[in-house]
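Colleague: Could you walk me through how to read this structure? I would like the general idea of each feature, and then the case here.

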Amino acid sequence: MGGTRNMRELSLCIAFLACLVSGGAARGYFGARIGRLEPLHHQVKGDVYAVDSRTIHIRDFSYDGLAPDAFFYAGTTAKPSDNGIIIPDENGGVEPLGAYRNKHVTLTLPEGKTLKDIKWFSVWCRAYSVDFGHVMMSNSLEYPRPQKIEAIPTFQHGVSSDRVVVVDAQTFLIPNLHYDGQAPDAYFWVGKGTQPGNQGTVVPDENGSEEPLKKYSGKTIVITLPGDLTVFDIDYLGLWCRAFSANFGHIRMPRSLNVPPSLKMLGVAPQTKLNCEVLWDDLALEVRWAVAGESIVMQLVGRITDGQYMSFGLSGNPSRSVMVGGDVVVAWLDQASGRGEAQDYILGAKSQCQGGRGSCPDSQVQAGRNNVRLLNAALINDFTMLTFQRPLAAGDLSDLPIHTNGSQAVIWAVGPVNSQGHTAYHNLRLRGDMSIDFGRTPEWNCPVPEEQPTGGHKSGPSKPPPAPETHNAWYIPPIPCNEPEDGVMYAQIGPTGGNSGYNSITGHVGWGIAWYINGLLIPEIYVVRGKTYTFVVEGGNNPDRPERDHPFYITDDPEGGYGFKTPAERSRTRVFAGVSQDREGKPVPTGMGRLCEWVEDPNQPANAFNSFGAYQRTLELSCQEGQPGVIQWTPDASTPDTVYYQCYTHRYLGWKIHVLDRCELDELAAAGSISESVVVPGSAASGPAGDLLPAASAQVFTSDGRPLPPDTIPDPPQLAATHHHTSTSITGRPQVGPYRGERPPPVPAKVPHLAQFSQQRRPTSRRTTVPLPPLPGTTSHPLPGPTPPPHGHFSFAGSAPRLVVVPAPNTDLDDTHTEVTPASSPAPPPGASNTHLTILKDVWAILTQDHPREDAHPTHTHHTHHTNQHLDGIEREPRHSQDEGE
């Protein structure tokens, strides 16, 4: 089979050898040190490390090779003696040792033996009963093993998992991973610090890809740190959106991890620990396997087409390859959905399954069940890769046992399967006989991969991908320079509005949330130099929960995210409001307040609406208990003509502010801000309600209980009948004609908006005094720079009493997401013939010969699923019942 195979991905696949000294450095670290071989004869020397419960690693091992009958040897007596066992060499052989000179050697104890069972390790000559050099085992030896840590919490985009397993110093197993796949630039992400930031590093996904992550629905995956990076070099692991500097969920790395190093750290070639046999060269059809305790993990790989299955298993005759009576696994991948299946089949006859007879899934046979567990399914280049696990012993009367002490006849076939999971008679099968010894010393009898150069590790922020070109952008009315008269605006968080919202308005993809100003999705705001504007900020104030922490600020930077910018990036931007400096000159946000969020109805996604107004009426405003933040800003002659309102902790949440010398409505029209007519809200007596509903976040009172004067909140428009000219509106311009050419539907009974527009009022509780936060000066002042002028104080109507609000009851907000159908897997390039292949890491990561430590973090309660080896805590993927196979 021609071609090369991707060694970088192959080398990430096995994680069953290694160990780590508690608190040791990652580089130059090879396991829990047992000691140095005592040099007695034949120039024997070397440092011995415990890798895991069954593995020993010797650094710089030397032996002159002149003795006739020397072996690696171990025993349980008080000192080295003939009463011991041979340990196979680094290649699995049991022949007398040859010469070694400063070689690094990794050895595996025979089946059934662990380091706890031996008291010494020696280079021993059996012919003369001579010890050439040995090391004694300490009773206090704690060999490394995989450890469970925390589960990934939900911050954004439905991200969650069960407790993560640190398999070795470079490998993580993440069970039951969920992520909605809707962010445009999300990656597995690691780095230093208390929480994720732009200076982290991308971790390739379970298939070795560094493309943005797709959707995960309860999948168990294994990911491996790139290059020489180890768990001891990082403080966190999470899902991070580079384009928007958004943390979707992360976990911290414990300092006390005692886990194995990876094979790569030991200098061990992955294929030396695995089995592989070619089944059919024309399709690059291979079977790979490794025995894991009382089970076996297999992987079928082949260049098959969509709608085909691969099957492999035991022959119905132990000495000849025959189909009838066989026990096989039938596996396939639906390339459109990315969903794989692996079914346990009994081949009772050369006919389709009818009434439990014929070639049937075990689940359709009396007293039978599916004893096969699918671990992973992937399409990499044009190779389908299906990974599964089954017990060695027969699980029911329809199964045949897999032996580990001799050869067994096997069978395989390839055939069609339809979208309902109906398998048909094969069109390619094994011709002749084939036998495999599943318990053999690992042999890689498939083409050996070549190492290929890799690019540098991705880190830092990136530009979001451009939004798909569309001509269906919603019209969002701007906030004109003469409204509101008192210059008070409310800044809240809400959804981006699908393809017609933020994406189309700004020209690049949003990550799920954006600023809403006075109830409008990222409107363009017009302000006048010399006038003071007040922003009541309700974007959240919880640094420990980044998805609920959105400080508001004004800048000349179209990206935002000042908190994550480097000093060099900050020096190229100016901040006009919402950011101050602490005593050390470091920037700190000031535009922080409770979280008020416009929440989308999951049954009415944004893409179902042709206008923002219709979509807006389906949103519900939900506010947490607490106080809003307040910032003031007075643009002056030094303020650029265009600035932006942004989020301090995330990029690309806001939009434009146009700064004018004077307020003239003709200037707005000339600037193109009013591009089409709208219907504005009217009274119930005047006809159907308008398309857009202005909204405020809360009723505002002074500290002595008096409501603010009426002129502090814009009066509701005084409108004539629908489709007539009006003199006042939410946009401040006469309006004519229906909004986007449609008559708005009736206003729903329950829409959160100003009480002046409806008898419906927001839920209230006790009044809460809001102390005014420190305010930046009333003139434009770039940061970093000289200390701002002394902070001033203000009141909404020029009155002395402090500002208070009536907060809404505390509500635990959950993200609302719309499910999407996974995209089809990309087609391979035409004429692709090279087998750039990977061994999926999740197969081999489960082969560590030990359980994850349950006492690693005893404060975390969890349920353990007892399976073979270290599979504890790996949740089974939901099984989908299949229709009767053919």
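This is a predicted model: local features need pLDDT of at least 70, side-chain atom pairs count only at pLDDT 80 or more; totals for chains, interfaces and linings use all residues.

Colleague: How many helices and strands does the protein chain have?

Modeller: Seven helices and 46 strands; these are DSSP runs numbered from the N terminus, helices being H or I with at least four residues and strands E with at least two. Of the 886 residues, 56% count as buried (buried is under 20% relative accessible area, exposed over 50%, partly exposed in between, with a 1.4 Å probe and protein chains only).

Colleague: And which residues have the most contacts inside the largest nonpolar core?

Modeller: In soluble globular proteins, nonpolar side chains tend to be buried together. A nonpolar core is a set of buried Ala, Val, Leu, Ile, Met, Phe, Trp, Tyr and Cys residues joined through side-chain atoms within 4.5 Å. Here the largest has 85 residues, and Phe172, Phe188, Phe248, Phe535, Phe552 and Trp633 have the most contacts inside it. Strand 31 (residues 513–517) gives the largest share of this core, five residues. A second, separate core of 30 residues includes Ala50, Ile58, Leu107 and Leu141.

Colleague: What is the strand order in the open sheet of four strands?

Modeller: Strands of a sheet pair through backbone hydrogen bonds, either parallel or antiparallel. Two strands count as paired if DSSP finds at least two bridges between them. In this sheet the order is 10-11-12-15, with antiparallel pairing. Strand 10 (147–151) and strand 15 (216–224) each have a single partner strand, so one side of each lacks a neighbour in the sheet. Strand 10 pairs with strand 11 (residues 163–168) over three bridges, and Lys148 stands opposite Val165 in strand 11.

Colleague: How many disulfides are found in the whole structure?

Modeller: A disulfide is a covalent bond between the sulfur atoms of two cysteines. With sulfur atoms within 2.5 Å as the criterion, the search finds four. One joins Cys276 to Cys446; the torsion about its S-S bond is about -90°, so this disulfide is left-handed. Its cysteines lie 170 residues apart. Another joins Cys481 to Cys663, where Cys481 is buried at 3% and Cys663 is partly exposed at 34%.

How values were computed:
Residues are numbered from 1 along each chain as its sequence is written. Side-chain values use heavy atoms; hydrogens and water are left out.
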